Amino acid sequence: MKNARTASRRDAIEAFRMAWGLWELLAADRTFACLFHESPDRRTRAAIRTLGTRHLLQAILTNRAVISSRTGGSVDLLHAASMVLLAAVNGRRRAPAMVGASVALLFAAAEFKAASFQGLP
């Protein structure tokens, strides 16, 4: 029963990640406008779409057990750290970077929790 529950939790995380990635990929302008009430510039739009693609790939790789939840969580932590660094050095992109860091930390927490249910160290 634990394996079925663990798989269900992991699947739910990855389904949400896939939906989030699709939203970022297909609606980058709307994503940014919902949060910041302005249109993104070309560079920001490209970054949002790139992150959406990364979320899609990560969800697929995790669901197919190519990478573990722990590895996925580590990728999310690296993303969060890079966003905090961006926020520190670029005041103009501070708010979007901190939103990105927050989302990445939420995904990391979910992935590490899933890894603990999987019995990974």
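The legends below describe close-up views of a predicted model. In this predicted model, local features need pLDDT of at least 70 and side-chain atom pairs count only at pLDDT 80 or more, whereas totals for chains, interfaces and linings use all residues. Residues are numbered from 1 along each chain as its sequence is written, and side-chain values use heavy atoms, with hydrogens and water left out.

**View 1. The largest nonpolar core, with six residues.** The members of this core are Ala80, Met83, Ala87, Ala97, Ala101 and Ala104. A nonpolar core is here a set of buried Ala, Val, Leu, Ile, Met, Phe, Trp, Tyr and Cys residues joined through side-chain atoms within 4.5 Å, where buried means under 20% relative accessible area, exposed over 50% and partly exposed in between (1.4 Å probe, protein chains only). Two or more residues of the core come from each of helix H4 (69–89) and helix H5 (94–117); helices are DSSP runs of H or I with at least four residues, numbered from the N terminus. Ala87, in helix H4, is buried at a relative accessible area of 4%, and beyond its neighbours within four places in sequence it is in contact (heavy atoms within 4.5 Å) with Arg94, Ala97 and Met98.

**View 2. The largest pocket and its lining.** The volume of this pocket is about 610 Å³, a volume being the space filled by probe spheres set on grid points that are joined across faces, edges and corners. On a 1 Å grid over the protein atoms alone, a pocket is an open set of points where a 1.4 Å probe fits, with protein on both sides within 12 Å along at least five of seven lines, and lining residues have an atom within 4 Å of a point. Of the 30 lining residues, Phe32, Thr44, Ile48, Pro96 and Ala97 lie nearest the centre. Helix H1 (2–26), helix H2 (28–36), helix H3 (42–63), H4 and H5 each supply at least two residues of the lining.

**View 3. Two aromatic pairs.** Rings of Phe, Tyr and Trp (its six-membered ring) pair if their centres lie within 6.5 Å, and planes under 30 degrees apart count as stacked, over 60 as edge-to-face and the rest as tilted. Phe16 and Phe107 form a tilted pair, 5.9 Å centre to centre with 40° between the planes; because Phe16 lies in helix H1 and Phe107 in helix H5, this pair ties together parts that are 91 residues apart in sequence. Phe16 is exposed at 52% relative accessible area, whereas Phe107 is buried at 5%. Phe32 and Phe36 form the other tilted pair, at 4.8 Å centre to centre and 45° between the planes, and about one helical turn separates them, because they are four residues apart in helix H2.

**View 4. Gly21 in helix H1.** Gly21 counts as buried, at 0% relative accessibility. Apart from residues up to four places away in sequence, Gly21 touches Gly52, His55 and Leu56. Gly21 and Gly52 are 31 residues apart in sequence, yet 3.8 Å apart in space, C-alpha to C-alpha.
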